[in-house]
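The sequence and the structure are shown first.

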Amino acid sequence: MQPMEKNVEKQLVVRTFEPDMNALKQTAKQLAHMQDTSLNLYGQAGEVLIVVTARAYAELTENVAEQFELALGPAAYGRGKGSLAYFTAGELIQSESTIAAADPATGALLAEEFSHTKRGPSVFDFGDGSYNDSRVVAKIKNAVYKYAEEGNAPQIAAARAAAAARFAHADFGVASVGMGTGAEVVYLAVAHRGYVYIKRIKNGEGAGKVVALSALDMVRRLAQKQPVDRARMFKANSDFDWNAPLKKRRSSKYAAPIAVLAVLLVALAVACWYFFTHFSLG
């Protein structure tokens with residue numbers, strides 16, 4: 001007589017930020033027929049947690065999680081209990097990158113998120129070398145005066161973010177404009193490698209949390225070389241038009257010459273090898 005199978009229940013959380021809700025609902029509908037599984041969704045400030053519970057066969061949670069991750073793409077950022085700050089910090093540690101905030105308000109939002117993970121101090125300075133350093137603050141103000149029009153909120157956010165990255169010696173600079181001013185929207189800017197990615201967020205109650213998570217998600221995607229959805233891209237320190245964003249990053253002017261040189265060097269190496277292996281000097 002064979003022993004009876006033990007009834008097992010396993011729960012797995014798929015963590016997402018601003019997923020395509022149509023794709024999420026369609027995937028959930030396709031998986032609804034599966035027996036011994038249940039799905040629950042929890043959302044706050046753009047973050048959506050998909051809780052998968054399976055009974056009898058614990059491996060079902062893995063299969064269901066994979067289906068959601070395939071359907072949602074880069075919006076699915078991790079599994080389990082880790083926060084968005086935890087996973088973003090992990091990406092930054094892996095790429096040996098750091099992040100700096102341009103102003104105390106934005107810095108306080110990021111500090112709140114990073115303070116809940118031990119990885120935070122490895123990638124964020126908590127203002128020590130950026131918005132709490134008077135010399136850096138002065139340089140950021142000069143950059144805003146030089147590169148942004150007075151009253152142009154997205155340009156101000158972009159100039160601040162780019163300056164924070166440059167003068168705090170960070171790989172990513174983050175700034176926001178509009179919180180606490182009564183403005184209808186907040187402009188969030190993330191600067192990285194000569195470009196700024198700007199997102200417009202509705203102001204009001206809870207906007208700070210959305211700004212913080214949006215910044216972390218943008219940084220995570222850029223660190224992974226993933227597309228940054230729901231943000232407009234511009235060249236850093238340029239007099240850009242909000243209604244005319246760039247469609248894609250411009251390749252380096254040195255990329256083509258370097259590629260040609262590499263091909264020529266390979267061809268030369270092959271020619272030398274062929275000569276010395278097929279011919280001998282008399």
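The model is predicted. Its protein chain contains nine helices and nine strands. Of the 282 residues in the chain, 43% count as buried. When contacts between residues at least 6 apart in sequence are considered, 63% of them join residues at least 24 apart.

**Aromatic rings**

A pair of aromatic rings is described by the distance of the centres and the angle of the planes. Seven aromatic pairs are found when the whole structure is searched. One of them is formed by Tyr77 and Phe87, whose arrangement is edge-to-face, with 5.6 Å from centre to centre and 65° between the planes. This pair links distant parts of the chain: Tyr77 belongs to strand S4 (residues 76–79) and Phe87 to helix H3 (residues 84–94), ten residues apart. Both Tyr77 and Phe87 are buried. Elsewhere, one aromatic cluster is made up of Tyr187, Phe234, Phe240 and Trp242.

| Charged residue | Ring | Distance of charged end from ring centre |
|---|---|---|
| Arg119 | Tyr86 | 3.7 Å |
| Lys235 | Tyr195 | 4.9 Å |

**The cavity**

Rolling a probe the size of a water molecule over the atoms shows where empty space is left. In the whole structure, the search finds one cavity of 30 Å³ or more. The volume of the largest cavity is about 40 Å³. Its lining consists of Tyr147, Gln155, Ala158, Ala159, Ala236, Asn237, Ser238 and Phe240. Helix H7 (residues 153–167) gives the most to this lining, with three residues. Sorted by class, the lining has five nonpolar and three polar residues, and no charged residues.

**Ala153 in helix H7**

Helix H7 also holds Ala153. Is this residue, Ala153, buried or exposed? Ala153 counts as buried because its relative accessibility is 18%, and buried means under 20%. Leaving aside the neighbours within four places in sequence, Ala153 is in contact with Val177 and Tyr187. Ala153 and Val185 are 32 residues apart in sequence, while their C-alpha atoms are 9.7 Å apart in space.

Note on methods. Residues are numbered from 1 along each chain as its sequence is written. This is a predicted model: local features need pLDDT of at least 70, side-chain atom pairs count only at pLDDT 80 or more; totals for chains, interfaces and linings use all residues. Side-chain values use heavy atoms; hydrogens and water are left out. Rings of Phe, Tyr and Trp (its six-membered ring) pair if their centres lie within 6.5 Å; planes under 30 degrees apart count as stacked, over 60 as edge-to-face and the rest as tilted. Helices (H or I, at least four residues) and strands (E, at least two) are DSSP runs, numbered from the N terminus. Buried means under 20% relative accessible area, exposed over 50%, partly exposed in between (1.4 Å probe, protein chains only). A charge sits over a ring if NZ of Lys or CZ of Arg is within 6 Å of the ring centre and within 35 degrees of the ring normal. On a 1 Å grid over the protein atoms alone, a cavity is a set of points where a 1.4 Å probe fits but cannot get out, and a pocket is an open set with protein on both sides within 12 Å along at least five of seven lines; lining residues have an atom within 4 Å of a point. Grid points are joined across faces, edges and corners, and a volume is the space filled by probe spheres set on the points. Ala, Val, Leu, Ile, Met, Phe, Trp, Tyr, Cys and Pro count as nonpolar, Asp, Glu, Lys and Arg as charged, and the others, Gly among them, as polar. Contact means heavy atoms within 4.5 Å.
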